[in-house]
Amino acid sequence: MDHPTYSDSVKVNLIHVFACLLLFASNTFGQEPRSVPMKPTVGQTGYFLFPIMPGGDNSLSGAMGDLRSNHFHAGLDIRTGGREGLDVHAAADGYISRVAVFTGGYGNVVFIKHPNGLTTVYGHLKTINDSLGRYLKMAQYQQQTFEIDLKPAPGQFPVEKGEIIAQSGNTGGSGGPHLHFEIRDANNNLINPLLFDFSELTDDVPPYFERIALRPLSVGSRVNGEYNRITYTPVRRPDGRYGVAQPITASGLLGLELLAYDKANGSPYRNGLSCVEIRLDGRETFAYNMDAFPNEQTRFINVHMNYEVEQLTGQRYHRGYIANGDSLNLYKTDRYRGHLPLFDGQPHEVTVTLFDTYQNKAELVFTVLPESPIAPPTLLTGNAFGPPASTVTYDGSILRLAVRNLPPGPAPMATLYAGTTRTEQPANYVRNNQALYLINLSSVMPDSVRVGSGILLTNLKKRVLPGRADVYSDGDVKLEFSPQTLFDTLHLAVRKLPGDGGILEVNQNTIPLNDFLTITVRPQQSTIGSLLATDSTGRVVPERTQMYLVSGGNRKLLGGTWKNGRISFRTRELGRFQLLTDVTPPKVQVVTKNGNMIAARISDELSGISTFRAFVNGSWVLMQYDYKRALIWSDKLNPDEPFQGDVRLEVTDRAGNVATLNTTIP
């Protein structure tokens with residue numbers, strides 16, 4: 001089948017990102033070009049119909065590439081006026097290739113395969129129409145399940161362009177009523193739908209800068225005299241360009257990060273960036289383009305953005321450089337991978353340009369002045385009160401140790417102990433009467449550090465490299481890394497917190513994982529005895545006691561399998577893990593019961609809802625579920641047949657506790 005080419009109108013839409021696209025098509029910076037997803041082959045103008053109110057005015061609450069938790073937003077969120085039930089139209093001729101129901105994520109979703117090889121996706125639907133809806137419900141009844149994922153035969157459900165296939169809704173992980181709309185190519189790459197020239201959307205509003213950050217990327221780098229990430233608020237000038245009011249001094253290898261957004265007509269929402277270009281003294285050092293990306297690489301968002309800042313503050317900064325482990329095909333950079341090399345002691349001008357898909361742009365220009373050539377102070381002047389106190393933070397491969405309560409005079413040497421090896425290291429500088437020591441863990445990985453009379457245990461165990469399998473074990477704790485677990489080298493730190501809580505700490509929750517890490521733990525006998533549940537006969541029920549991620553005050557069930565007094569579990573996040581026991585069944589409260597409808601509120605305090613089932617006179621009844629409202633409600637196979645007789649609701653949590661409610665409908 002011949003694929004159509006770009007239409008003239010779509011070519012106009014692409015002009016604004018020409019510079020970004022050119023970087024991907026040519027070896028501009030003297031490096032081999034990266035392999036990138038195929039850009040869309042669009043076809044004639046109007047190939048795709050807008051799926052909501054075609055021909056009318058529309059607006060968005062989300063765009064392609066928005067930075068979300070653990071993923072890039074994969075398409076458009078089309079606003080529906082805060083209501084459900086708007087007609088959803090097929091964007092072009094084709095056939096239904098997939099229809100599914102998920103508790104979270106897309107909720108009720110339909111996929112349509114089109115003759116040009118592309119697939120459109122319609123998510124968070126309220127209802128699915130006609131024969132497809134009956135096919136879906138029949139399969140749910142046959143399999144006795146709410147969640148289901150079906151792939152009809154090609155041509156089994158043909159659709160025509162403009163045909164109403166569903167009504168918009170708020171199902172799954174939706175934060176409010178809207179339609180989620182995607183376009184994918186044959187290789188499951190996501191393509192920006194805005195490239196397809198929908199006249200229903202207008203945008204003459206440029207992107208904008210909210211904050212920027214500069215961060216040192218090597219031990220010898222400084223920003224305003226310190227090894228610290230420092231943020232600045234850009235100010236829009238009368239000429240429309242942005243600047244930075246405060247003076248900035250820096251030296252060494254730096255990374256620039258952007259908290260910036262796009263906006264569009266008729267919408268208060270902040271959307272993601274389509275294209276970013278960064279220049280140092282007029283020379284392009286970094287370009288980022290979000291016209292298409294591989295869906296299977298969406299978790300790489302955690303190295304595209306500053307994951308640590310996102311975990312600590314909720315703010316999602318784009319990196320203006322390529323971090324270690326980031327293999328996304330969205331960039332073109334120079335030999336420094338977008339890092340800014342400020343080694344010559346001269347002022348440098350930095351220009352950052354943001355583009356959206358409609359040729360609107362915003363530009364930020366600021367100057368970075370050289371650091372003072374005067375050596376940083378190393379003398380402490382304050383009085384020491386009590387023993388030395390330390391603050392430790394990790395920045396990739398650099399351990400930053402700040403020590404206070406030291407006596408006046410020259411900052412003492414730090415003694416680094418790595419097994420039987422001992423290394424002396426001077427303070428890098430003194431600031432606010434604290435001695436700062438920057439320890440490069442790529443060179444030495446100490447298990448403890450002494451400064452003055454104070455000793456700090458680092459809990460560092462070993463260096464784990466990405467791309468290979470590895471194992472760490474100390475007898476009570478075993479960690480198994482697959483070749484895909486890590487984005488970057490991990491300086492593994494493991495410790496068991498004191499007390500009977502059974503808390504295991506593995507590094508911090510500010511370090512992202514790409515794939516699962518398997519952990520096996522042998523808890524202390526006192527912990528097992530106080531936690532393991534027993535049933536009514538006194539038999540120990542270990543499956544009620546499972547592992548939870550408890551970093552940041554949250555409790556997320558990870559589960560686990562018990563064998564010989566050990567529990568094994570998998571995690572895609574680092575941080576603190578704790579064994580918790582759940583012996584409390586879920587709560588079930590009937591809110592409606594009559595011949596037409598059965599509805600109930602269901603909830604669970606700890607492990608969460610696993611399954612729910614309803615029976616009328618022993619026959620299974622499909623229950624729809626909205627976890628956001630903690631509500632289940634009946635969906636009859638035969639709407640004309642009234643409910644009557646005995647009703648039984650069974651709700652099971654993820655620890656295996658079952659709540660059963662029996663009632664009757666007269």
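Does Phe72 count as buried or exposed, and at what relative accessibility? Phe72 counts as buried, at 1% relative accessibility, where buried means under 20% relative accessible area, exposed over 50% and partly exposed in between (1.4 Å probe, protein chains only). Before going on, a word on the ground rules: this is a predicted model, where local features need pLDDT of at least 70, side-chain atom pairs count only at pLDDT 80 or more, and totals for chains, interfaces and linings use all residues. Residues are numbered from 1 along each chain as its sequence is written, and side-chain values use heavy atoms, with hydrogens and water left out.

Now for the rings. Rings of Phe, Tyr and Trp (its six-membered ring) pair if their centres lie within 6.5 Å; planes under 30 degrees apart count as stacked, over 60 as edge-to-face and the rest as tilted. That rule gives 17 aromatic pairs. One of them joins Phe72 and Phe293 in a tilted arrangement, 5.4 Å centre to centre with 55° between the planes. Phe72 sits in strand S3 (residues 71-72) and Phe293 in strand S22 (residues 292-294), so this pair ties together parts that are 221 residues apart in sequence. Strands here are DSSP runs of E with at least two residues, helices are runs of H or I with at least four, and both are numbered from the N terminus. Phe293 is buried too, with a relative accessible area of 0%.

Phe146 and Tyr625 make an edge-to-face pair, 6.5 Å centre to centre and 75° between the planes. Phe146 is in the loop between H3 and S9 while Tyr625 belongs to strand S55 (residues 623-626), so the pair links parts 479 residues apart in sequence. Phe146 counts as buried at 9% relative accessibility, and Tyr625 is buried at 14% relative accessible area. Elsewhere, Phe50, Tyr122, Phe181 and Phe198 form one aromatic cluster.

H3 (residues 130-143) has 14 residues and reaches 20 Å from its first C-alpha to its last, close to the 20 Å expected at 1.5 Å a residue, the expected span being 1.5 Å times one less than the number of residues. Its buried residues are Leu132, Gly133, Leu136, Ala139, Gln140 and Tyr141. What covers them includes strands S6 (94-101), S7 (108-113) and S54 (619-621). Just after H3, Gln144 takes a positive phi of about 50°.

Finally, look for charges over rings, meaning NZ of Lys or CZ of Arg within 6 Å of the ring centre and within 35 degrees of the ring normal. Arg572 lies over the face of Phe516, at 5.3 Å from the ring centre, and Lys636 lies over the face of Phe643, at 4.7 Å.

Definitions and conventions: Contact means heavy atoms within 4.5 Å.
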